Amino acid sequence: MAAMARASSGLQYPDRFYAAASYAGFDGSPKSSSKAIRSRFSDEAALLLYGLYQQATVGRCNVPEPSSWHAIEKSKWKSWNGLGNMAPVEAMRLFVKILEEEEPGWYSRVSGFVPEPEPVLDVQINNDAKAEPVIENGKSIPETKTISTENGSLPETQDKDVLVEGLGSVVVYDQWISPPVSGLRPKARYEHGAAIIQDKMYIFGGNHNGRYLNDLHVLDLRSWAWTKPEAKTQSPESPPEKLTPCAGHSLISWENKLLSIAGHTKDPSEAIQVRVFDVQTSTWSTLKTYGKPPVSRGGQSVTLVGTSLVIFGGQDAKRTLLNDLHILDLETLTWDEIDAVGAPPSPRSDHAAAVHAERYLLIFGGGSHATCFNDLHVLDLQAMEWSRPTQQGDIPTPRAGHAGVTVGENWFIVGGGDNKNGVSETVVLNMSTLVWSVVTSVQGRVPIASEGISLVVSSYGGEDILVAFGGYNGRYTNEVNVLRPSHKSTLQSKMTETSVPDSVSAVHNITNRDVESEFEGTQEGKIREIVMDNIESENLKNKSEQTNELIATLKAEKEELESSLSKEKIHSLQLKQEFADAENRNSELYKELQSVRSQLAAEQSRCFKLEVNVVELRQKLQTMETLQKELDLLQRQKAASEEALRGKQKQGSGGVWGWLAGSPPPEEA
């Protein structure tokens with residue numbers, strides 16, 4: 001889904017599809033011959049593009065299957081027929097996505113494409129005497145009013161805190177700026193990996209014009225200078241090997257080392273590979289793991305939770321979207337596949353993930369082959385149970401290819417895109433209350449509104465800063481942008497809670513008593529911090545009273561939630577008991593079924609034997625009928641012979657008695 005945000009570069013569907021089809025050679029031009037197309041794409045990609053083009057323009061395949069003598073035509077038919085009832089619109093979008101994966105720069109080569117100039121930050125300081133100065137380190141500093149960009153402008157920064165020093169220019173809270181950097185910049189890219197070690201941002205790999213990269217670059221966040229270390233590769237059992245270029249991987253810092261996990265490669269392996277870069281020796285090596293590793297993939301999320309890596313989702317080498325869950329224990333180096341209960345997120349890639357309170361894994365956004373998401377899912381890593389809580393505040397629009405980092409209990413989301421445009425808003429989620437708010441917004445096609453962007457958090461001058469790099473929004477970029485979050489942005493969701501108390505502690509519906517107690521103990525201090533930052537000292541008493549009322553409200557709602565949680569636990573125990581009873585009944589029924597099956601098999605065997613006996617008896621009966629006929633014939637012959645014999649005896653006996661009586665025998669004629 002990483003490529004779907006690129007639609008911001010101009011044409012919408014279906015015009016974008018027809019432009020892509022014309023570029024790929026499916027418009028009837030001389031370059032549209034099968035030979036010409038196969039020379040530009042791999043056989044697999046060419047067949048898939050053909051099938052999607054037919055599905056988008058003709059519809060479902062209704063032509064008869066070609067003869068096996070025509071191998072090419074039969075392969076094309078199989079590719080088209082295999083799409084089934086896929087909607088034409090979905091086929092169009094998938095066609096464009098595959099073309100962008102094969103040739104990411106295709107749109108820039110389409111006739112009539114006019115590239116937009118690079119955005120240039122113009123920081124203007126309002127020196128009006130009426131502007132109230134900001135005192136910083138004993139210096140009076142006029143307030144900065146605007147930061148404008150070519151092809152668009154950022155909104156005015158009124159009511160924003162301003163700080164001068166560092167980054168070589170005026171730094172405004174809650175606004176993106178481009179700091180002045182030196183050194184040789186990395187090649188423009190997207191879908192790369194980024195991580196922080198000792199105030200240095202490491203950039204590895206990525207995708208540029210369809211080519212995977214394997215270079216490593218370092219940006220010093222104090223001097224803002226780029227360097228490229230001479231990285232070597234080694235294997236414990238073989239000579240040095242070439243580092244495989246990749247994109248869509250994850251880069252995690254661990255014990256002064258970089259871990260590169262998964263990613264798309266030109267020749268993908270069967271399972272996920274984990275590479276390790278030692279920043280001390282500048283050496284790459286392959287991490288040897290145990291157990292069954294996940295299938296190779298890219299666009300997954302990898303989150304460090306304690307001493308374990310939690311891997312979710314992504315897209316494998318066959319472009320199949322995944323929603324499986326795996327954990328790699330970094331102490332035992334053992335893989336474990338997790339079968340969590342509850343409804344997991346739908347299969348997706350290019351989403352964002354974060355961990356809260358070292359227990360809850362949050363998954364936001366991402367995309368499939370045809371759409372983008374803005375749903376939020378939470379995995380309880382102790383109970384291994386998925387849930388989908390209700391989001392509050394300014395819920396972000398659907399997006400994929402975005403990046404996120406956490407600062408305390410706040411989760412900042414930057415970049416990404418949907419099927420039409422890049423995302424211009426930088427948003428933040430309070431992970432305790434699940435309330436979204438918008439930090440800032442940009443206008444125009446600027447680098448910060450890119451997909452495949454990277455985002456890390458570091459510190460500068462004792463304050464947190466967000467550092468974004470790279471991305472793709474119609475063209476590849478290698479710019480660095482920095483945002484310094486203010487107290488207003490990081491705690492804005494808590495201030496919102498004063499007007500919407502019913503949404504307080506949404507995550508705490510699934511949080512244990514210890515986390516709730518910690519939240520209760522720190523709530524008053526954080527609200528007092530807001531008071532100290534935003535009101536004058538003479539209003540402190542009134543704000544403290546409001547704070548106490550808010551704390552009382554939170555405690556009352558907390559008690560209600562605890563009561564509801566107890567009821568849910570009782571209900572859960574009842575369901576577990578019913579489930580156990582059902583399992584027992586199922587086991588008994590299964591045993592009875594096995595007994596009946598055994599009896600049925602015995603009866604079938606006996607019936608078979610009886611059938612054999614019947615056949616034998618029939619054969620004997622037929623033989624007896626034949627013998628009976630022969631016996632009747634013999635009896636008739638015997639009777640006839642006896643009759644003839646008696647006649648002869650009668651004649652012979654008359655001549656003898658006549659001779660004895662003195663009568664001569666009759667003369668013979």
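In the predicted model, ring pairs join Phe17, Tyr18, Phe26, Tyr53 and Phe95 into a cluster. Across the whole structure, a search finds 15 aromatic pairs. Such a pair of rings is described by two values, the distance of the centres and the angle of the planes.

Phe17 and Tyr18 belong to the part of helix H1 that touches helix H5, and Phe95 belongs to the part of H5 that touches H1. Helix H1 covers residues 15-24, and helix H5 covers residues 88-102. Their axes come within 9 Å and cross at roughly 45 degrees. Angles under 35 degrees count as roughly parallel, and 65 to 115 as roughly perpendicular. The crossing of H1 and H5 is left-handed. On the H1 side, the contact also includes Arg16, Ala20, Ala21, Tyr23 and Ala24. On the H5 side, Met92, Val96, Leu99 and Glu100 take part as well. Sorted by class, the contact of H1 with H5 has ten nonpolar residues, two charged residues and no polar ones.

Helix H5 also packs on helix H3. The axes of H3 and H5 come within 8 Å and cross at roughly 155 degrees. An angle over 145 degrees counts as roughly antiparallel, so H3 and H5 are roughly antiparallel to each other. The crossing of H3 and H5 is left-handed. From H3, the contact takes Ala45, Leu48, Leu49, Leu52, Tyr53, Gln55 and Ala56. These meet Pro88, Ala91, Met92, Leu94, Phe95, Ile98, Leu99 and Glu102 in H5. Two members of the ring cluster, Tyr53 and Phe95, are therefore found in this contact. Of the residues in the contact of H3 with H5, 13 are nonpolar, one is polar and one is charged.

Helix H3 has a further partner in helix H4. H3 spans residues 43-57, and H4 spans residues 71-81. The two helices pack at an angle of about 55 degrees, with their axes 8 Å apart. That angle makes H3 oblique to H4. The crossing of H3 and H4 is right-handed. Leu47, Leu48, Tyr50, Gly51, Gln54 and Gln55 of H3 make the contact with Ser75, Lys76, Ser79 and Trp80 of H4. By class, the contact of H3 with H4 has four nonpolar, five polar and one charged residues.

Charges over rings complete the picture. Lys76 lies over the face of Tyr50, at 4.7 Å from the ring centre. Both residues take part in the contact of H3 with H4.

Technical notes
Residues are numbered from 1 along each chain as its sequence is written. This is a predicted model: local features need pLDDT of at least 70, side-chain atom pairs count only at pLDDT 80 or more; totals for chains, interfaces and linings use all residues. Side-chain values use heavy atoms; hydrogens and water are left out. Axes are lines fitted to C-alpha atoms, for helices over the stretch in contact, and angles run from 0 to 180 degrees between N-to-C directions. Helices (H or I, at least four residues) and strands (E, at least two) are DSSP runs, numbered from the N terminus. A crossing is left-handed if the near helix is turned anticlockwise from the far one by less than a right angle, and right-handed if clockwise. Contact means heavy atoms within 4.5 Å. Ala, Val, Leu, Ile, Met, Phe, Trp, Tyr, Cys and Pro count as nonpolar, Asp, Glu, Lys and Arg as charged, and the others, Gly among them, as polar. Rings of Phe, Tyr and Trp (its six-membered ring) pair if their centres lie within 6.5 Å; planes under 30 degrees apart count as stacked, over 60 as edge-to-face and the rest as tilted. A charge sits over a ring if NZ of Lys or CZ of Arg is within 6 Å of the ring centre and within 35 degrees of the ring normal.
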